[in-house]
Amino acid sequence: MSTTQAVYDSLWSELADIKDELAARDWFPGTSGNLSIKVSHDPLRFLVTASGRDKRKRTPEDFLLVNEQSQSIEQTDLKPSAETVLHQRIYEKTDAGCSLHVHTISNNIISELYAEQAEITFQNQELIKAFNIWEEDGSITIPIVPNYADLGQLAEAVAEQIRPGIKGVLIRNHGITAWGRNGFEAKKHLEALEFLFEYHLRLKQLNL
Ligand SMILES: CSC[C@@H](O)[C@@H](O)C(=O)COP(=O)(O)O
Ligand SMILES: [Zn+2]
């Protein structure tokens with residue numbers, strides 16, 4: 001087996017394992033969600049989930065390789081995720097090695113509640129350390145963009161929000177895309193964000 005094939009196989013199974021873990025949390029309702037992992041930087045190549053499939057199932061057709069224009073470069077009938085261009089823009093604008101997009105009730109409600117402010121900031125939360133923020137008064141901000149039907153426009157809106165310290169962007173009443181330098185870090189960021197969203201909503205429900 002060539003080194004390139006071994007790297008591809010290892011990234012494939014890393015992304016499949018992440019998909020299984022997120023599926024176990026029920027974060028892919030109704031075939032929603034898409035995941036990707038970077039295979040090479042220059043030229044940009046990444047594995048991305050095939051469009052419209054049940055991401056709870058683990059099959060040999062789960063991912064396909066795409067190029068720097070989000071086009072498939074494999075002999076396959078599979079279509080890359082409709083939202084592949086969002087992953088592409090994140091790889092172009094950050095040091096991300098993995099990007100994860102999920103729809104959850106919590107991220108949707110937060111995106112609706114704070115849509116006018118176009119962002120939400122969390123502070124005084126231990127889990128902020130998941131973003132490598134160690135200061136006592138540290139905070140993490142998540143921008144919120146409109147859910148444009150035009151996916152090129154949506155990808156640009158997400159890309160425009162990317163600046164140092166941003167590790168995820170909410171799309172209003174749609175979901176979140178979060179990323180990290182590798183699969184481990186991307187999942188850590190996504191889990192931490194979902195924890196912060198759920199905490200915030202439950203606290204609000206208590207009416208304290
Ligand atoms: C079926 S609702 C979700 C889709 O419209 C989309 O937002 C999504 O996350 C999944 O699209 P996909 O093309 O399968 O990657
Ligand atoms: Zn989506």
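**Burial and overall dimensions**

Of the 208 residues in the chain, 49% count as buried, where buried means under 20% relative accessible area. The structure is a predicted model, and every value in this report should be read with that in mind.

The radius of gyration of the chain is 17 Å, which agrees with the value near 17 Å that a compact globule of 208 residues would have. Along its principal axes, the C-alpha trace spans about 60 × 35 × 30 Å.

**Secondary structure and contacts**

The chain contains 5 helices and 8 strands, and, read along the sequence, these elements follow the pattern α-β-β-β-α-β-α-β-β-α-β-β-α, so written with a helix at either end.

Turning to contacts between residues at least 6 apart in sequence, 61% of them join residues that are at least 24 apart.

**A mostly covered helix**

Helix H2, which runs over residues 84–93, is mostly covered, since 7 of its 10 residues are buried. The buried residues of this helix are Thr 84, Leu 86, His 87, Gln 88, Arg 89, Ile 90 and Tyr 91.

Definitions and conventions:
Residues numbered from 1 in each chain as written. Chains lettered and ligands numbered in written order. Predicted model: local features only at pLDDT ≥ 70, side-chain atom pairs only at ≥ 80, totals over all residues. Heavy atoms only, no water. Helix = DSSP H or I, 4+ residues; strand = E, 2+ residues; numbered from the N terminus. Rg over C-alpha atoms; globule rule 2.2 N^0.38 Å. Buried < 20%, exposed > 50% of the residue type's maximum accessible area, 1.4 Å probe, protein only. Contact = heavy atoms within 4.5 Å.
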